[in-house]
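Please keep the sequence and the model in view while reading.

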Amino acid sequence: MLRPPPPTFAGCAQRYLDCGLHEVAAGERLSEEHQKARLRIATQLVEAGADPDNRQHGCGGTPLHHALAGGYVELAKFLLTAKADV
């Protein structure tokens with residue numbers, strides 16, 4: 001099966017990067033493959049400049065809050081290494 005090329009985020013506005021990181025952290029937990037994809041996308045977003053402490057959704061939570069609430073341990077670890085504020 002051919003895989004699509006990885007997404008690139010160069011040139012995206014900051015708010016889109018930040019919203020994308022929120023969405024990655026707040027999505028439903030499905031399979032292990034989905035969790036790995038979630039981590040890859042989060043890594044690419046942060047590398048492109050997404051702020052791991054953003055509160056773009058207006059709910060008051062950060063991507064780290066959402067990752068912890070969803071049980072995404074690997075994503076939470078990644079966000080902490082990306083300097084997310086606990």
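Two residues are in contact here when heavy atoms of theirs lie within 4.5 Å of each other. The model under discussion is a predicted one.

## Helices H2 and H4

Under that definition, Arg38, Leu39, Ala42, Thr43 and Val46 in H2 meet Glu74, Leu75 and Phe78 in H4. By class, the residues of this contact of H2 with H4 comprise five nonpolar, one polar and two charged.

The axes of H2 and H4 come within 10 Å and cross at roughly 15°. Angles under 35 degrees count as roughly parallel, and H2 is therefore roughly parallel to H4. The crossing in which H2 passes H4 is right-handed.

## Helices H3 and H4

Helix H3 covers residues 63–70 and helix H4 covers residues 73–81. Their axes come within 8 Å and cross at roughly 155°. Because of this angle, H3 is roughly antiparallel to H4. The crossing of H3 with H4 is left-handed.

On the H3 side, the contact is formed by Pro63, Leu64, Ala67 and Leu68. Their partners in H4 are Leu75, Ala76, Leu79 and Leu80. The residues of the contact of H3 with H4 divide into eight nonpolar ones, with no polar and no charged residue.

How many salt bridges does the structure hold? There is one. The side chains of Lys77 and Glu74 form a salt bridge, with an N to O distance of 3.6 Å.

Lys77 and Glu74 are three residues apart in helix H4, so about one helical turn separates them. Lys77 is partly exposed, at 47% relative accessibility, and Glu74 is also partly exposed, with a relative accessible area of 49%.

Where is Gln35 placed? Gln35 belongs to helix H2, which spans residues 32–47. With a relative accessible area of 30%, Gln35 counts as partly exposed.

When residues up to four places away in sequence are not counted, Gln35 touches Arg29, Leu30 and Tyr72. Ala25 lies ten residues from Gln35 along the chain, and the C-alpha atoms of the two are separated by 10.0 Å.

Definitions and conventions:
Residues are numbered from 1 along each chain as its sequence is written. This is a predicted model: local features need pLDDT of at least 70, side-chain atom pairs count only at pLDDT 80 or more; totals for chains, interfaces and linings use all residues. Side-chain values use heavy atoms; hydrogens and water are left out. Axes are lines fitted to C-alpha atoms, for helices over the stretch in contact, and angles run from 0 to 180 degrees between N-to-C directions. Helices (H or I, at least four residues) and strands (E, at least two) are DSSP runs, numbered from the N terminus. Angles under 35 degrees count as roughly parallel, over 145 as roughly antiparallel, 65 to 115 as roughly perpendicular and the rest as oblique. A crossing is left-handed if the near helix is turned anticlockwise from the far one by less than a right angle, and right-handed if clockwise. Ala, Val, Leu, Ile, Met, Phe, Trp, Tyr, Cys and Pro count as nonpolar, Asp, Glu, Lys and Arg as charged, and the others, Gly among them, as polar. A salt bridge is a side-chain nitrogen of Lys or Arg within 4 Å of a carboxyl oxygen of Asp or Glu. Buried means under 20% relative accessible area, exposed over 50%, partly exposed in between (1.4 Å probe, protein chains only).
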